Amino acid sequence: MPTIDPAFVWTVSAALAAVFGASAIFKLIDLGEFRAAVENYRVIPEPLAGAATIAIPLAEIVGAVGLLDSRTRFASSIELALMLALFTAAIVVNLLRGRLYIDCGCFGPALRQPLSWWLPARNLALMGLATIAILPIGARTLTALDVATVLLGAATMVVLYAAANYLLANAPRIRAFEAAHA
């Protein structure tokens, strides 16, 4: 069976860990705001919103930390991919309901962005990366250069992810500004 270079798997795992870790921290910073986002989706009964408000960021932290340990990477990748699938389903349900102007809640109050079809596409890409982390890894030992490559590669992936996320979160405002000044 073919295997993947361990440096690539570690790069993807580190980048995903950073994204999910940051997402969890931003949600935990303002649980009231995140609870409002959870409730606004209207996909779980209101009495469960409080439990979901705590469970989601804690599960993200567990998954993020688990990606950084080769013994738990497989389970954590599956956990995060399943969470992404649930988040995507909630987003799609609301998009189909026409509820485009609710906050996605993805990064808590740090990045308010309305729902759009970009979010399910982004989540599918993240699920694809989580899948890479579960594939068999080659037996090659990592060198110091590999470690530097993993760290810089993961940092680059996180910066590109954040830039794309911020651009797309601000796209409605940019379009409104352009229309007002055309």
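**Side-chain contacts**

Reply: Start with the rings: the count of aromatic pairs is zero (a pair needs Phe, Tyr or Trp ring centres within 6.5 Å, using the six-membered ring of Trp). This is a predicted model, in which local features need pLDDT of at least 70 and side-chain atom pairs need 80 or more, while totals for chains, interfaces and linings use all residues. Residues are numbered from 1 along each chain as its sequence is written, and side-chain values use heavy atoms, without hydrogens or water.

How confident is the predictor? The protein chain averages a pLDDT of 92 (the predictor's confidence in each residue, from 0 to 100). A score of at least 70 is reached by 98% of the residues. Among the elements, helix α3 (residues 49-67) has the highest mean pLDDT, 97. Helix α6 (residues 144-180) has the lowest, 89. (Helices are DSSP runs of H or I with at least four residues, numbered from the N terminus.)

R73 lies over the face of W10, 4.3 Å from the ring centre (the rule: NZ of Lys or CZ of Arg within 6 Å of the centre and within 35 degrees of the ring normal). A154 belongs to helix α6. A154 counts as buried because its relative accessibility is 7% (buried is under 20%, exposed over 50%, partly exposed in between, with a 1.4 Å probe and protein chains only).

Now the salt bridges. The count is five (a side-chain nitrogen of Lys or Arg within 4 Å of a carboxyl oxygen of Asp or Glu). E60 pairs with K27, their closest N and O atoms 2.7 Å apart. E60 lies in helix α3 and K27 in helix α1 (residues 6-29), so this bridge ties together parts 33 residues apart in sequence. Both ends are covered. E60 is buried at 2% relative accessible area, and K27 is buried at 3%.

R35 and E39 also meet in a salt bridge, 2.8 Å from N to O. Here both partners lie in helix α2 (residues 31-41), four residues apart, about one turn of the helix. R35 is partly exposed at 32%. E39 is partly exposed at 31%.

R71 and D69 form another bridge, at 2.7 Å from N to O. R71 is exposed, with 72% relative accessible area. D69 is partly exposed at 23%. Last, D5, R140 and D146 are linked in a network of salt bridges.

The surface holds a nonpolar patch too. V43, I44, L48 and V93 form this patch, with about 290 Å² of accessible area together (Shrake-Rupley method, 1.4 Å probe). (Nonpolar patch members have over 30% relative accessible area and no salt bridge, and their side chains are joined within 5 Å.) V93 sits in helix α4 (residues 73-96). V93 is partly exposed, at 34% relative accessibility.

One backbone detail remains. R42 lies in the loop between α2 and α3. R42 has a phi near 55°, a positive value in a residue other than glycine. Most residues other than glycine have a negative phi. R42 is exposed, with 54% relative accessible area.

Notes:
Helices (H or I, at least four residues) and strands (E, at least two) are DSSP runs, numbered from the N terminus. Patches are made of residues with over 30% relative accessible area and no salt bridge: like charges are joined within 9 Å, nonpolar side chains (Val, Leu, Ile, Met, Phe, Trp, Tyr) within 5 Å. Rings of Phe, Tyr and Trp (its six-membered ring) pair if their centres lie within 6.5 Å; planes under 30 degrees apart count as stacked, over 60 as edge-to-face and the rest as tilted.
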